[in-house]
Amino acid sequence: MLKRSAIALVFLLVWLIAPIVQAKQPVKLWHAYRGAEEQALQEIIAAFDGQVELLAVPYDAFGSKLQSTVPLGEGPDLYIDAHERLGDYRERGIVAPLPEALAAGLAPAFYADKTIAAVTIEGAALGLPLSQKCLALYVNVELFAGLGIEPPTTLEQIVGLADRLPKGTFALAYEARGAYAHAALLAAFGGALLDVETNDYSFEGPAAARSLELAVALIEAGVVPEDADGALVTNLFKAGQAATAISGPWLAADLGERVAYRVMLLPIVEETGQRMRPLLTVEAAMLSPKGAQNPDALRLLEHLASAEAATIRAQRARSLTARSDLPLSQDPLLQAFAEQAALADLTPSTAAMRAVWEPANRAIRKVMRGDVPADTALAEGRRRFDDVRRPPPPPASPTPLLIVLGLLSLFGAGVLVQRARQREGWTDLRRSLPAYAYISLGVLAVGVLVILPILFGAGAALFAGKPHAMYYVGLANFYEILTARGAPLLSSGSFYVVLAVTVLWTVVNVALHLGIGMALGIALSRPAMRLRGVYRVLLIVPWAVPSYVTALAWRGMFHRQFGAVTGVIHAINDLFGASLEPIAWFARFSTAFTANVATNVWLGFPFMMVVTLGALTAVPKDVLEAAEVDGATRWQRLTRITLPMIAPTMIPAVTLGAIWTFNMFNVVFLVSGGEPDGTTDILVSEAYRWAFTREAQYGYAAAYAVLIFLLLLFTSRLTDRFMLGSKRASQ
Amino acid sequence: MVSVRAKQLIKRFGTTTVLRGINLEVEDGAFAVLVGPSGCGKSTLLRLLAGLERATAGSICFGDRDVTELEPRDRDIAMVFQSYALYPHMSVRRNLEFGLRLRNTESTLMNSRVEEVARMLDITHLLDRLPKALSGGQRQRVAMGRAIVRRPALFLFDEPLSNLDPALRAQVRVDIRKLHDEFGVTSVYVTHDQTEAMTLADVLHVLDNGEVQQRGRPIDIYREPANRFVAKFLGSPAMNVNEAILERASGRWTVGDLALVDPQEFAGLEPGRELFVGVRPHDVTLAGSEPADLQLAVEVVETLGPELTVHGKLVTEPGFERPFVAVLPADHPVRRGDVLPLRVERMHLFDRITEKTLRC
């Protein structure tokens with residue numbers, strides 16, 4: 001008793017003292033910097049008079065971390081992030097407007113115009129700009145000196161280089177398949193991804209079509225590598241295999257001293273006479289509502305945006321300041337980027353802009369694969385954008401739900417009353433009380449950690465609207481999903497088509513897992529095999545490696561130009577004089593699906609193998625010998641004795657494997673990423689897109705999740721029933 | 001129906017030699033029993049006959065056919081396993097049919113064979129059950145049925161009774177012998193149980209240490225064991241065997257503790273020879289008026305109806321005691337602490353070095 005009181009007292013004291021201690025806590029600052037930029041930030045903080053707690057948060061997780069902490073009064077006092085997210089943060093109340101005193105400082109005298117515009121939404125100043133980032137042209141100086149020509153100023157000059165470069169060297173490397181880089185080319189044709197005036201999708205029309213055709217022509221002429229991502233651009237330029245590259249300041253950080261390069265303005269497109277104009281991102285320091293109340297945080301904000309900090313950033317991390325009141329840097333890199341930034345278009349920070357990326361990326365990829373003409377792809381992109389931006393369902397009256405809930409509670413109460421009336425019920429309950437006491441902690445833990453989140457998620461399926469302002473819509477989300485949002489039921493991306501792909505995916509995978517796993521398990525269980533233990537360990541390795549690592553490795557292997565599979569094809573060609581074409585794995589459904597399946601089979605067969613090995617120990621040796629004496633061949637022993645005997649163990653494993661495969665997000669998302677055109681997406685990856693890449697339609701995604709749950713529940717119940725049936729039949 | 005002949009069979013597992021040049025001969029239609037202590041190689045020999053193991057050297061012939069390198073399915077044999085090895089996922093009927101199905105037997109023929117065997121073994125009512133729903137005895141009968149139904153040329157039995165309780169064991173033993181007499185199929189039966197060995201065998205092979213120690217009719221082997229091992233292994237209770245030196249003193253022969261008058265067995269043996277002397281418990285009688293060959297101090301008396309098994313010690317010289325077992329008729333009361341004068345009716349002498357029986 002005394003001990004308990006003591007513990008209670010300690011808790012009380014801690015609770016009382018905590019606020020006092022908290023008041024002395026350092027200012028919390030979150031950022032997503034790495035490398036030189038992080039060092040620069042640390043140096044800036046060191047010069048600050050006050051305590052600061054720095055936390056580096058991965059860039060991809062930044063938004064969700066803020067969203068899960070700031071509304072609860074936790075998280076950082078201030079944070080550094082790209083301005084594109086400000087619109088979203090503002091809607092969610094994650095960012096606080098600057099106090100008057102600081103907002104007044106946000107004037108053209110101190111900051112570049114575009115950076116001021118970047119942090120101002122509807123007249124409200126939401127942060128202090130720190131640095132600017134955009135794409136520019138990197139030129140390999142030595143290569144041009146070797147050729148004896150001047151670095152190019154027009155795209156056509158770059159195209160002209162192609163013939164003079166050694167084999168395997170590209171004239172220009174840039175992420176042609178992404179809308180971010182393509183936006184620069186689009187701008188040269190007078191287009192934009194989003195119309196800033198109307199806040200509407202504008203990646204359509206002749207300018208867009210022409211820009212796409214040019215991009216495709218560049219790839220077809222071998223000027224630009226196909227299917228290039230950021231890593232490939234970096235690697236090509238680093239290795240001297242690209243005469244020029246379009247990339248941001250991060251490339252310079254990667255290159256170091258390895259290549260002699262120069263940064264220049266993006267080239268002019270002679271066809272239009274216009275220069276390519278990249279999108280501009282402004283990094284800004286923003287206040288959380290909590291930080292806005294904290295004088296130390298305000299001081300730190302000012303310090304971060306100060307001229308002194310900008311100098312450190314420029315010297316240490318070579319990042320282009322947002323300030324306009326500093327003398328021009330002597331660093332040629334910064335000079336070039338400053339010149340380019342002045343010509344760049346500020347990326348809009350509206351929700352519409354965030355909805356542009358997916359349809360635009362898909363349209364670009366579709367055209368580059370040569371599937372459809374540019375017009376068709378662009379029109380489809382428009383449709384996708386409209387689909388995502390469609391108005392949310394109208395609020396529904398919660399009355400039916402309340403009636404259903406009321407009836408359910410009445411029914412429950414009725415059952416309870418009936419139980420209570422029975423005498424045995426009471427004695428039973430009294431007898432079971434200790435048992436309930438034993439399980440109560442477990443039930444509590446499972447309830448809080450499993451049941452509640454499931455109920456919460458399932459409940460979200462009945463809501464729609466912005467994450468911070470969701471309202472009840474009844475079954476509207478389900479209705480929209482099941483009617484394919486008004487489009488034809490079997491149109492691409494509809495629930496039924498994705499379901500069919502998911503079922504195909506599950507069946508093919510599980511069949512291969514089972515086939516390969518059982519074959520290997522049976523092979524490994526033979527005592528005569530040498531080095532059995534070694535093989536066993538080696539074959540379990542795929543299972544031991546985290547699945548996303550495997551998925552990324554396989555994605556790399558399937559790259560059309562540089563992947564290992566293409567390497568094998570080249571080797572075959574060299575060895576046997578064949579003329580096999582490298583396969584563009586992600587250009588067609590069949591090959592992209594195959595690539596996904598190959599990856600997932602690699603990941604999944606060890607499980608079945610291990611289960612098989614375990615199941616085989618339950619097959620007595622003498623039963624197999626009896627069959628041998630009875631006249632069974634090896635194959636007959638396998639099919640008539642071994643397989644039927646291990647089947648009871650394998651079937652639960654197959655059910656489990658089917659559920660895992662049905663929900664195998666990692667492989668689909670990381671290997672094919674749904675390509676081509678979302679056709680290889682399965683239900684979970686589709687649900688993910690609705691939640692996280694399409695305007696955070698959580699209710700809609702939750703409805704997907706509920707449907708997936710119901711489907712799996714239904715099929716596993718069916719399997720159970722089937723199993724029980726066959727068991728009964730056999731007895 | 002075939003004869004079985006194995007010549008100079010050697011089997012090694014790695015560096016361990018299990019069979020050291022075994023010769024086996026079973027005539028057509030005979031019931032051969034391989035008996036020996038565990039680890040003597042009898043099961044390995046049976047598995048070689050079945051084709052489940054390959055011989056390291058030597059040959060096996062069934063009749064005129066050399067089967068040394070043949071697969072089990074090509075040997076026309078059936079085997080009953082110690083664990084019965086029924087197919088657990090198949091009904092009794094399916095178990096019986098399995099071998100026939102593999103040979104694409106025509107279905108009416110198959111059904112009639114199965115029905116016939118089931119009737120013979122009294123398992124007709126079990127045909128639709130799974131093995132796990134059967135008792136040990138029933139499983140044993142199904143295993144037998146599975147062997148019989150195929151009508152092979154040779155039956156192999158691997159300790160088929162060792163998982164049954166004693167009463168059932170005796171019953172099934174008789175059944176097996178009856179079945180054999182009915183079908184006349186050559187059989188090879190492995191056991192470590194000497195009762196089974198003695199009762200079932202037409203011809204008995206006693207194995208030890210990977211070699212056949214003696215081959216012959218059970219009663220002949222019992223009466224004339226070839227060596228000390230066979231003498232001790234067969235017979236219950238086991239033969240009393242002691243080290244001894246043959247001596248001749250004052251007109252009597254003495255062999256260790258035994259003082260014997262005019263034993264014919266010793267004719268032709270030199271005095272002073274070192275040997276083992278063996279006396280079966282059944283080969284002693286109470287001395288009565290004749291001079292006793294030995295004195296037995298009784299320690300434990302087991303009554304088995306018509307006979308008593310008396311465990312005790314020989315008291316010839318004080319302080320020099322050896323255990324000894326005698327089987328005596330139950331009509332004479334024997335109590336703990338008695339000292340019984342016994343006469344030896346028959347004894348066995350073995351060479352001390354080779355342990356072989358000394359014949360005179």
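**Chain contact and helix packing**

Mentor: The contact takes 15 residues from chain A and 18 residues from chain B; residues are in contact if their C-beta atoms, placed from the backbone, lie within 7 Å. This is a predicted model, in which local features need pLDDT of at least 70, side-chain atom pairs count only at pLDDT 80 or more, and totals for chains, interfaces and linings use all residues. Residues are numbered from 1 along each chain as its sequence is written, while chains are lettered from A and ligands numbered from 1 in the order in which they are written.

On chain A's side, α27 (621-630) and α28 (634-662) each supply at least two residues. Helices (H or I, at least four residues) and strands (E, at least two) are DSSP runs, numbered from the N terminus. α27(A) gives the largest share, seven residues. By class, this side of chain A has eight nonpolar, three polar and four charged residues. Nonpolar covers Ala, Val, Leu, Ile, Met, Phe, Trp, Tyr, Cys and Pro; charged covers Asp, Glu, Lys and Arg; the others, Gly among them, are polar.

Now look within chain A. The axes of α26 (residues 589-616) and α29 (residues 665-672) of chain A come within 10 Å and cross at roughly 135°. Axes are lines fitted to C-alpha atoms, for helices over the stretch in contact, and angles run from 0 to 180 degrees between N-to-C directions. From α26(A) come A592(A), A595(A), N596(A), T599(A), N600(A) and L603(A); they meet V667(A), V668(A), V671(A) and S672(A) of α29(A). That contact has six nonpolar, four polar and no charged residues.

A second pair is α10 (residues 205-220) and α18 (residues 374-388) of chain A, whose axes come within 9 Å and cross at roughly 120°. α10(A) and α18(A) are therefore oblique too. α10(A) passes α18(A) in a right-handed crossing. A208(A), A209(A), L212(A) and E213(A) of α10(A) make the contact with A374(A), D375(A) and L378(A) of α18(A). Here the classes are five nonpolar, no polar and two charged.

Terms used: Parallel < 35°, antiparallel > 145°, perpendicular 65-115°, else oblique. Left-handed = near helix turned anticlockwise from the far one by under 90°. Contact = placed C-beta atoms within 7 Å.
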